[in-house]
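Welcome! Please take a look at the sequence and the 3D structure below, and then read on for a short tour.

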Amino acid sequence: MSVSKPPPPHSHFPPSNPSSHLPLPPSSSSSTPPFAVGPPSPAVPPPPSPVKISMQEHFAINVCPGPILPIPQISDFFPRFHDYPIAPPPPREKKVLKDKDKDGDGNGEKDRKRDREQDENGEFADSDDDDTYLGTLEFNLLFDQENNCLHCTIHKAKGLKAMDSNGLADPYVKLHLLPGASKANKLRTKTLKNTLNPVWNETLIYHGITAADMTTKTLRLCVCDMDRLGRNEFIGEVRVALKKLKEGESKKYYMGLERIAQTREGNSQAVDHGAPVAEEERGRILVSLLYITEKSSLIVGIIRCAHLAAMDSNGYSDPFVKIVLQPNMGKKSKYKTSVKKKTLNPEFNEEFTYEVPHDQLAKKTLEISVWDYDLGMSNDFIGGVELGVNAKGERLKHWFECLKYKGKKVEYWHTLTQQGAPCSD
């Protein structure tokens, strides 16, 4: 292979004819030519000869894979598989209170007494093991016996366990009454996104709770993580025995979440009671009675129902209420409320008027029944109640108070039963 001679290097001065240069005399230290300005320029080296390489060597250049990288682990993509959350949980309030007592706080004795009571009541059931730490939940409970309501105010949670791949969670709180947890007594807060320290400040209300319920029921509060692409995940729960809550007293709780093994003890207790539990499972209804002497009229108010039995396959019902004043007075004795879709705790707030003299009212019987509406099919009977002189207990008391206190609206909660179910709608 022939190689052409490379061009001379670039220079700012024009090329000169080499034949025009005169030979220089030998250098001497005594004299220097007047025209010599600097040392002579070095000679240009000859160009290197071309290197011949094979085709295989050409393709082998710059194809080294470099250092071998480590294979990513699954824990790099899902931090919750670590032994501990990415964000370590904050110190628990219970330990802080004990430290304050050691410093000689003036309220130390009161705090120790309160901790002792909470430990006896089972309000601090969390473990000191950091591996099982799930977080804490702060909430308030208030029982209003006059209105038969249980107010549950969910304040906040702290140091929840990370459940999502980003090291956070989308928590919400779900409430149930035990025994007999179902959709009928389920309440839920809103969901807060991407946080381990959510603040709800949300109040949920149970209607139709009597003093008898407060002695037998237990409130369960579950903290869960919402997952849109899959099933919601359970973080932890706390339980409070309502018999320790006094009427009209707002009690604050600060409890550690735990994972309680699900047992069927509550269900076995419910079965032992027999018939009363069967009545309870059908639900309750809040009814108001008012007799106006000036108009000789009885005003029946259907306010709301609570904890109704689920009659549809989706776990809910489409309830409505029918009322009949017996003996039958024709079309004027039958009324029906509107239908409330997909709910087990409907609120109606509807009133109906019967024109009947006061002296004949004592001989009448008011039949109230709750139904589940089914389109194109026969409606399902949920439960009923009868008010009149032939009734017993709270039902008889409600009817007599209406007759005695004219012009005063009397409200009572009544338990729905199977008794009085008609053969057809």
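Is lysine 409 buried, partly exposed or exposed? Lysine 409 is partly exposed, at a relative accessible area of 42% (buried is under 20%, exposed over 50%, partly exposed in between, with a 1.4 Å probe and protein chains only).

## About the model

This is a predicted model, where local features need pLDDT of at least 70, side-chain atom pairs count only at pLDDT 80 or more, and totals for chains, interfaces and linings use all residues. Residues are numbered from 1 along each chain as its sequence is written, and side-chain values use heavy atoms, leaving out hydrogens and water.

## Salt bridges

The structure holds 5 salt bridges (a side-chain nitrogen of Lys or Arg within 4 Å of a carboxyl oxygen of Asp or Glu). One of them joins lysine 409 to glutamate 351, with the closest N and O atoms 3.3 Å apart. Lysine 409 sits in the loop between α8 and β16 (410-415) and glutamate 351 in strand β13, so this pair ties together parts 58 residues apart in sequence. Helices (H or I, at least four residues) and strands (E, at least two) are DSSP runs, numbered from the N terminus. Glutamate 351 is partly exposed, at 48%.

Another salt bridge brings together glutamate 138 and lysine 252 (2.8 Å, N to O). Glutamate 138 counts as buried, at 10% relative accessibility.

## An open sheet

Four strands form an open sheet in the order β12-β11-β14-β15, with antiparallel pairing (two strands pair if DSSP finds at least two bridges between them). Strands β11 and β14 are joined by 8 bridges, and phenylalanine 320 has tryptophan 371 in β14 as its bridge partner.
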